[in-house]
Amino acid sequence: MHFKREFDFVKLSKSAFIFSIVLTIAGIIALAAFGLNYGVDFQAGSNVDVKLSKNVTKEEVQPLLNEIGIGKDANITPGDKRVNIRFTKVLEGDQDEKLKAAIQKLDKSASFEINTVDPEMAKELGRNAIYAVLISCIGIIIYVSIRFEWRFAVSAIVALLHDAFMVVAIFSIFRLEVSLTFIVAVLTIIGYSINDTIVIFDRIRENLRFGKQKTREDLAKLLNHSVNQMLMRSLYTAFTVFIAAFFLFLFGGESIKMFSLAMVIGLIFGAYSSIFIASPLWLLFKYKQKPNRKAVKPSKA
(Lines give C-alpha, C1' and ligand atoms only; values in the text may rest on other atoms or scores of the structure.)
Protein backbone atom coordinates (compact mmCIF):
# COMPACT_ATOMS: atom_id res chain seq x y z
CA MET A 1 0.00 0.00 0.00
CA HIS A 2 1.48 3.38 -1.02
CA PHE A 3 0.68 6.62 0.83
CA LYS A 4 1.70 10.17 0.01
CA ARG A 5 3.66 12.22 2.55
CA GLU A 6 1.41 13.00 5.54
CA PHE A 7 1.54 13.99 9.21
CA ASP A 8 3.14 11.28 11.32
CA PHE A 9 0.61 11.06 14.17
CA VAL A 10 2.13 7.81 15.44
CA LYS A 11 5.43 9.57 16.11
CA LEU A 12 3.70 12.57 17.69
CA SER A 13 1.62 10.28 19.91
CA LYS A 14 4.67 9.49 22.08
CA SER A 15 4.83 13.12 23.23
CA ALA A 16 1.05 13.17 23.57
CA PHE A 17 1.11 10.15 25.90
CA ILE A 18 3.70 11.85 28.12
CA PHE A 19 1.64 15.07 28.17
CA SER A 20 -1.54 13.20 29.11
CA ILE A 21 0.20 11.16 31.81
CA VAL A 22 1.62 14.33 33.39
CA LEU A 23 -1.81 16.01 33.34
CA THR A 24 -3.44 12.89 34.77
CA ILE A 25 -0.96 12.73 37.66
CA ALA A 26 -1.47 16.46 38.35
CA GLY A 27 -5.23 15.91 38.30
CA ILE A 28 -5.02 12.97 40.73
CA ILE A 29 -2.89 15.03 43.11
CA ALA A 30 -5.32 17.98 42.90
CA LEU A 31 -8.34 15.75 43.52
CA ALA A 32 -6.62 14.06 46.47
CA ALA A 33 -5.53 17.37 47.99
CA PHE A 34 -8.46 19.67 47.22
CA GLY A 35 -11.32 17.52 45.92
CA LEU A 36 -13.99 19.22 43.82
CA ASN A 37 -15.61 22.56 44.50
CA TYR A 38 -19.18 21.24 44.68
CA GLY A 39 -22.02 23.64 43.99
CA VAL A 40 -25.27 23.69 45.90
CA ASP A 41 -26.60 20.87 43.66
CA PHE A 42 -24.21 18.37 45.29
CA GLN A 43 -23.72 20.02 48.64
CA ALA A 44 -26.47 20.61 51.18
CA GLY A 45 -27.19 24.28 51.74
CA SER A 46 -28.76 27.32 50.11
CA ASN A 47 -27.61 29.21 47.06
CA VAL A 48 -28.75 32.82 46.63
CA ASP A 49 -28.28 34.57 43.30
CA VAL A 50 -28.94 38.33 43.50
CA LYS A 51 -29.36 40.62 40.49
CA LEU A 52 -28.54 44.27 41.15
CA SER A 53 -28.66 47.59 39.36
CA LYS A 54 -25.05 48.33 40.36
CA ASN A 55 -21.89 46.48 41.30
CA VAL A 56 -21.24 45.67 44.96
CA THR A 57 -18.19 44.29 46.74
CA LYS A 58 -17.79 41.41 49.16
CA GLU A 59 -16.80 43.93 51.84
CA GLU A 60 -20.20 45.66 51.46
CA VAL A 61 -22.23 42.44 51.68
CA GLN A 62 -20.41 40.59 54.47
CA PRO A 63 -21.31 43.02 57.34
CA LEU A 64 -25.00 42.84 56.36
CA LEU A 65 -24.97 39.06 56.65
CA ASN A 66 -23.08 39.23 59.95
CA GLU A 67 -25.81 41.48 61.37
CA ILE A 68 -28.48 38.83 60.84
CA GLY A 69 -26.24 36.00 62.04
CA ILE A 70 -25.67 34.11 58.77
CA GLY A 71 -22.35 35.59 57.66
CA LYS A 72 -20.23 32.78 59.12
CA ASP A 73 -21.56 30.13 56.74
CA ALA A 74 -21.63 32.39 53.64
CA ASN A 75 -19.35 32.31 50.62
CA ILE A 76 -19.82 35.58 48.70
CA THR A 77 -18.91 35.87 45.01
CA PRO A 78 -19.51 39.31 43.42
CA GLY A 79 -20.10 39.61 39.68
CA ASP A 80 -21.21 42.12 37.07
CA LYS A 81 -24.29 43.74 38.66
CA ARG A 82 -24.94 40.55 40.60
CA VAL A 83 -23.71 38.67 43.63
CA ASN A 84 -23.84 34.98 44.45
CA ILE A 85 -24.04 33.90 48.09
CA ARG A 86 -23.65 30.22 48.91
CA PHE A 87 -24.46 28.95 52.38
CA THR A 88 -23.15 25.65 53.72
CA LYS A 89 -26.36 25.31 55.74
CA VAL A 90 -29.97 25.55 54.63
CA LEU A 91 -31.57 28.91 55.38
CA GLU A 92 -34.28 28.34 57.97
CA GLY A 93 -37.34 30.19 59.21
CA ASP A 94 -37.32 33.84 58.19
CA GLN A 95 -33.59 33.99 57.42
CA ASP A 96 -34.24 34.30 53.69
CA GLU A 97 -36.56 37.28 54.27
CA LYS A 98 -33.99 38.93 56.54
CA LEU A 99 -31.36 38.34 53.84
CA LYS A 100 -33.52 40.03 51.20
CA ALA A 101 -34.17 43.00 53.48
CA ALA A 102 -30.44 43.34 54.22
CA ILE A 103 -29.38 43.26 50.56
CA GLN A 104 -32.09 45.75 49.62
CA LYS A 105 -30.36 48.24 51.89
CA LEU A 106 -27.66 48.30 49.22
CA ASP A 107 -30.01 48.20 46.24
CA LYS A 108 -33.78 48.52 46.56
CA SER A 109 -34.31 47.05 43.07
CA ALA A 110 -32.44 43.83 43.90
CA SER A 111 -34.13 40.59 42.76
CA PHE A 112 -33.45 37.19 44.33
CA GLU A 113 -33.30 33.55 43.27
CA ILE A 114 -32.91 31.14 46.20
CA ASN A 115 -32.20 27.42 45.69
CA THR A 116 -32.03 24.97 48.57
CA VAL A 117 -30.78 21.37 48.63
CA ASP A 118 -31.14 19.14 51.68
CA PRO A 119 -28.40 16.61 52.58
CA GLU A 120 -30.25 13.52 51.33
CA MET A 121 -31.05 15.11 47.99
CA ALA A 122 -27.41 16.20 47.58
CA LYS A 123 -26.21 12.62 48.15
CA GLU A 124 -28.77 11.23 45.72
CA LEU A 125 -27.81 13.72 43.02
CA GLY A 126 -24.14 12.79 43.47
CA ARG A 127 -24.88 9.07 43.13
CA ASN A 128 -27.09 9.58 40.09
CA ALA A 129 -24.41 11.68 38.38
CA ILE A 130 -21.84 8.89 38.83
CA TYR A 131 -24.33 6.28 37.58
CA ALA A 132 -25.10 8.39 34.50
CA VAL A 133 -21.44 8.59 33.50
CA LEU A 134 -20.78 4.87 34.19
CA ILE A 135 -23.88 3.66 32.32
CA SER A 136 -23.04 5.81 29.30
CA CYS A 137 -19.48 4.40 29.24
CA ILE A 138 -20.76 0.80 29.49
CA GLY A 139 -23.19 1.44 26.64
CA ILE A 140 -20.39 2.82 24.48
CA ILE A 141 -18.18 -0.21 25.21
CA ILE A 142 -20.97 -2.57 24.14
CA TYR A 143 -21.73 -0.57 20.99
CA VAL A 144 -18.12 -0.29 19.82
CA SER A 145 -17.41 -3.95 20.64
CA ILE A 146 -20.35 -5.07 18.49
CA ARG A 147 -19.67 -2.72 15.61
CA PHE A 148 -15.88 -3.08 15.57
CA GLU A 149 -13.73 -5.28 17.82
CA TRP A 150 -12.49 -5.24 21.40
CA ARG A 151 -9.27 -3.38 20.50
CA PHE A 152 -11.29 -0.46 19.16
CA ALA A 153 -13.63 -0.59 22.18
CA VAL A 154 -10.83 -0.50 24.77
CA SER A 155 -9.03 2.32 22.93
CA ALA A 156 -12.25 4.34 22.66
CA ILE A 157 -13.17 3.98 26.34
CA VAL A 158 -9.65 4.94 27.47
CA ALA A 159 -9.93 8.09 25.35
CA LEU A 160 -13.38 8.87 26.78
CA LEU A 161 -12.24 8.44 30.36
CA HIS A 162 -9.20 10.58 29.54
CA ASP A 163 -11.42 13.42 28.24
CA ALA A 164 -13.82 13.29 31.18
CA PHE A 165 -10.99 13.15 33.72
CA MET A 166 -9.14 16.07 32.12
CA VAL A 167 -12.22 18.28 32.55
CA VAL A 168 -12.70 17.12 36.15
CA ALA A 169 -8.99 17.67 36.91
CA ILE A 170 -8.97 21.21 35.52
CA PHE A 171 -12.10 22.09 37.52
CA SER A 172 -10.38 20.71 40.64
CA ILE A 173 -7.07 22.51 40.06
CA PHE A 174 -8.70 25.91 39.45
CA ARG A 175 -11.45 25.38 42.05
CA LEU A 176 -14.26 25.89 39.54
CA GLU A 177 -17.77 25.07 40.72
CA VAL A 178 -19.19 21.65 39.90
CA SER A 179 -22.97 21.59 39.48
CA LEU A 180 -25.58 19.58 37.58
CA THR A 181 -24.80 21.53 34.40
CA PHE A 182 -21.21 20.32 34.72
CA ILE A 183 -22.41 16.69 34.64
CA VAL A 184 -24.51 17.47 31.56
CA ALA A 185 -21.40 18.97 29.94
CA VAL A 186 -19.31 15.85 30.73
CA LEU A 187 -21.97 13.57 29.19
CA THR A 188 -22.14 15.82 26.12
CA ILE A 189 -18.35 15.75 25.82
CA ILE A 190 -18.41 11.94 25.95
CA GLY A 191 -20.90 11.98 23.06
CA TYR A 192 -18.79 14.28 20.89
CA SER A 193 -15.60 12.42 21.72
CA ILE A 194 -16.96 8.99 20.80
CA ASN A 195 -18.38 10.43 17.58
CA ASP A 196 -14.95 11.73 16.60
CA THR A 197 -13.28 8.47 17.56
CA ILE A 198 -15.80 6.29 15.71
CA VAL A 199 -15.36 8.29 12.50
CA ILE A 200 -11.59 7.72 12.58
CA PHE A 201 -11.96 4.05 13.57
CA ASP A 202 -14.41 3.49 10.73
CA ARG A 203 -11.86 4.80 8.24
CA ILE A 204 -9.10 2.63 9.78
CA ARG A 205 -11.30 -0.46 9.47
CA GLU A 206 -12.16 0.40 5.87
CA ASN A 207 -8.50 0.86 4.93
CA LEU A 208 -7.60 -2.43 6.63
CA ARG A 209 -9.74 -4.26 4.08
CA PHE A 210 -7.72 -2.98 1.13
CA GLY A 211 -4.17 -3.54 2.32
CA LYS A 212 -1.90 -6.31 3.48
CA GLN A 213 -0.17 -5.16 6.64
CA LYS A 214 2.79 -7.40 7.40
CA THR A 215 4.77 -5.19 9.80
CA ARG A 216 4.23 -2.54 12.44
CA GLU A 217 5.41 0.05 9.92
CA ASP A 218 2.59 -0.98 7.57
CA LEU A 219 0.04 -0.58 10.38
CA ALA A 220 1.52 2.80 11.36
CA LYS A 221 1.31 4.05 7.77
CA LEU A 222 -2.28 2.86 7.54
CA LEU A 223 -3.19 4.62 10.80
CA ASN A 224 -1.48 7.86 9.73
CA HIS A 225 -3.23 7.73 6.37
CA SER A 226 -6.63 7.10 7.97
CA VAL A 227 -6.26 9.94 10.50
CA ASN A 228 -5.03 12.33 7.80
CA GLN A 229 -8.07 11.49 5.68
CA MET A 230 -10.48 12.36 8.50
CA LEU A 231 -8.43 15.12 10.16
CA MET A 232 -10.16 18.15 8.66
CA ARG A 233 -13.60 16.67 9.20
CA SER A 234 -12.85 16.08 12.88
CA LEU A 235 -11.34 19.53 13.35
CA TYR A 236 -14.20 21.30 11.56
CA THR A 237 -16.80 19.49 13.67
CA ALA A 238 -15.00 20.23 16.95
CA PHE A 239 -14.26 23.84 15.95
CA THR A 240 -17.89 24.56 15.04
CA VAL A 241 -19.17 23.42 18.44
CA PHE A 242 -16.17 25.02 20.18
CA ILE A 243 -17.06 28.46 18.77
CA ALA A 244 -20.66 28.14 19.98
CA ALA A 245 -19.57 26.99 23.47
CA PHE A 246 -16.88 29.69 23.69
CA PHE A 247 -19.29 32.54 22.97
CA LEU A 248 -21.84 31.05 25.35
CA PHE A 249 -19.12 31.22 27.99
CA LEU A 250 -18.30 34.83 27.15
CA PHE A 251 -21.83 36.21 26.81
CA GLY A 252 -24.10 33.62 28.45
CA GLY A 253 -25.70 33.93 31.86
CA GLU A 254 -24.07 32.83 35.10
CA SER A 255 -26.18 29.65 35.17
CA ILE A 256 -24.52 28.24 32.01
CA LYS A 257 -20.99 29.65 32.32
CA MET A 258 -19.52 26.53 33.92
CA PHE A 259 -21.38 24.32 31.43
CA SER A 260 -19.90 26.31 28.55
CA LEU A 261 -16.41 26.29 30.05
CA ALA A 262 -16.53 22.52 30.59
CA MET A 263 -17.66 22.11 26.96
CA VAL A 264 -14.81 24.29 25.68
CA ILE A 265 -12.21 22.29 27.63
CA GLY A 266 -13.81 18.94 26.76
CA LEU A 267 -14.03 19.65 23.02
CA ILE A 268 -10.33 20.48 22.86
CA PHE A 269 -9.38 17.28 24.68
CA GLY A 270 -11.97 15.26 22.72
CA ALA A 271 -10.41 16.16 19.36
CA TYR A 272 -6.93 15.65 20.81
CA SER A 273 -7.66 12.22 22.30
CA SER A 274 -9.33 10.83 19.17
CA ILE A 275 -6.16 11.52 17.20
CA PHE A 276 -3.35 11.11 19.73
CA ILE A 277 -4.77 8.67 22.32
CA ALA A 278 -7.44 6.36 20.87
CA SER A 279 -5.84 5.71 17.47
CA PRO A 280 -2.27 5.03 18.73
CA LEU A 281 -3.68 2.77 21.46
CA TRP A 282 -5.45 0.73 18.79
CA LEU A 283 -2.13 0.44 16.94
CA LEU A 284 -0.46 -0.80 20.13
CA PHE A 285 -3.12 -3.49 20.67
CA LYS A 286 -3.22 -4.45 17.00
CA TYR A 287 0.54 -4.74 16.78
CA LYS A 288 0.55 -7.26 19.62
CA GLN A 289 -1.51 -9.45 17.30
CA LYS A 290 1.05 -9.25 14.47
CA PRO A 291 4.71 -10.34 14.53
CA ASN A 292 7.25 -7.58 13.94
CA ARG A 293 8.92 -8.91 10.87
CA LYS A 294 9.42 -7.99 7.27
CA ALA A 295 7.58 -9.82 4.55
CA VAL A 296 9.49 -12.95 3.58
CA LYS A 297 10.72 -12.86 0.00
CA PRO A 298 10.49 -16.09 -2.00
CA SER A 299 13.91 -17.70 -2.48
CA LYS A 300 15.31 -18.24 -5.97
CA ALA A 301 15.66 -21.83 -7.11
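In the second largest pocket of this predicted model, α4 gives the largest share of the lining, eight residues. Helices here are DSSP runs (H or I, at least four residues), strands are E runs of at least two, and both are numbered from the N terminus. A pocket is an open set of points on a 1 Å grid over the protein atoms alone, where a 1.4 Å probe fits, with protein on both sides within 12 Å along at least five of seven lines; lining residues have an atom within 4 Å of a point.

This second largest pocket has a volume of about 480 Å³, the space filled by probe spheres set on the points. Its lining has 19 residues, and Ala129, Ile130, Val133, Val168 and Ile183 are the closest to its centre. By type, the lining divides into 17 nonpolar, one polar and one charged.

Now turn to the largest pocket, with a volume of about 840 Å³. Among its 28 lining residues, Asn47, Asn84, Glu177, Glu254 and Ser255 lie closest to the centre. Here the division is five nonpolar, 12 polar and 11 charged. Strands β2 (45–51), β3 (74–79), β4 (82–87) and β5 (111–117), together with α8 (254–289), each supply at least two residues of this lining.

Numbering starts from 1 along each chain as its sequence is written. In this predicted model, local features need pLDDT of at least 70 and side-chain atom pairs count only at pLDDT 80 or more, while totals for chains, interfaces and linings use all residues; side-chain values use heavy atoms, with hydrogens and water left out.

Note on methods
Nonpolar A, V, L, I, M, F, W, Y, C, P; charged D, E, K, R; others polar.
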